[in-house]
Amino acid sequence: MPEQPRLVGRSSSHYTRLARLFAEELGIAYAFEPVHDLASRDPADYAGNPALKLPVLVLPEGPVFGTENICRTLAALAGEPFRVLWTEQLPDLRARNAQELVWHGMGAQVQMVFGMQVAGLPAQNVYFAKAADGFRHALAWLDANLESVLKGLPPRDLSLLETSLFCLLEHLGFRDTLTLAPYHHLAAFAAAWRERPASQRTAYAFDVAMPG
Ligand SMILES: N[C@@H](CCC(=O)N[C@@H](CS)C(=O)NCC(=O)O)C(=O)O
């Protein structure tokens with residue numbers, strides 16, 4: 001039997017969940033290997049990723065760094081011809097801006113969680129205060145434009161845009177950074193996506209280190 005792909009990441013990470021959702025939706029079996037110490041500065045703890053970032057997909061031919069790169073690799077591995085919608089196939093500027101703001105939000109979320117919750121730096125520092133403002137403005141833009149963006153998407157089995165948006169929105173409550181309450185369209189989108197079996201199989205959780 002060929003070796004299963006190995007996904008090195010964290011069950012509490014929105015980037016990891018994006019990769020896992022792709023694997024689940026595309027029917028790809030994989031082994032999950034948690035990274036327990038996010039403060040580690042040893043690339044070996046990140047499956048050799050020199051950037052010290054996760055997730056990493058490990059294949060017999062080598063590691064794949066970066067979540068979008070991993071999603072594209074998983075789609076290429078999928079046996080069936082799934083219709084996956086990538087950024088370059090989004091139909092217009094508004095949809096491509098939406099993807100950009102989702103990536104921005106995912107980065108801002110790492111900045112806030114790693115900076116304030118992991119490193120314990122002060123939330124009132126302009127570095128975090130400005131990040132939170134930009135993040136809220138981006139969410140407001142996404143909320144105002146979501147309906148029209150979704151209406152314009154071509155038929156698909158899966159899209160990077162919707163899957164990444166869901167991972168981001170669910171992470172806000174999980175990590176208690178920003179509230180989704182003011183954003184009704186985003187909240188409804190997240191509630192609908194939460195029902196998917198793949199979403200339920202990849203719910204956020206903190207990985208527990210096994211003793212011994
Ligand atoms: N560009 C990377 C970003 C991944 C990323 O920021 N992952 C977070 C976990 S959700 C991480 O590694 N955080 C540790 C850190 O920032 O030091 C990707 O697309 O995979």
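**View 1. Four strands make an open sheet in the order β2-β1-β3-β4, with mixed pairing.** Strands here are DSSP runs of E with at least two residues, helices are runs of H or I with at least four, and both are numbered from the N terminus. Two strands count as paired if DSSP finds at least two bridges between them. At the edges sit β2 (31-34) and β4 (62-65), each pairing on one side only. On average, neighbouring strands of this sheet are turned by 25 degrees against each other, direction ignored. A quick word on what you're looking at: this is a predicted model, where local features need pLDDT of at least 70 and side-chain atom pairs count only at pLDDT 80 or more, while totals for chains, interfaces and linings use all residues. Residues are numbered from 1 along each chain as its sequence is written.

**View 2. Zoom in on β3 and β4, which run antiparallel.** Strand β3 covers residues 56-59, and four bridges join it to β4. Look for V58: its bridge partner in β4 is P63.

**View 3. Here are two helices against the strands: α1 lies across β1 and β3, and α2 packs on the sheet.** Contact means that the C-beta atoms of two residues, placed from the backbone, lie within 7 Å. Helix α1 runs at about 160 degrees to β1 (6-9). Helix α2 (residues 67-77) touches β3 and β4, and its direction makes about 125 degrees with that of β4. For these angles, axes are lines fitted to C-alpha atoms, for helices over the stretch in contact, and the values run from 0 to 180 degrees between N-to-C directions.

**View 4. Now for the ligand and the residues around it: S13, H14, Y15, L38, L52, K53, L54, G66, T67, V110 and F114.** By class, the shell has six nonpolar, four polar and one charged residues. Ala, Val, Leu, Ile, Met, Phe, Trp, Tyr, Cys and Pro count as nonpolar, Asp, Glu, Lys and Arg as charged, and the others, Gly among them, as polar.

Technical notes: Near = placed C-beta within 6 Å.
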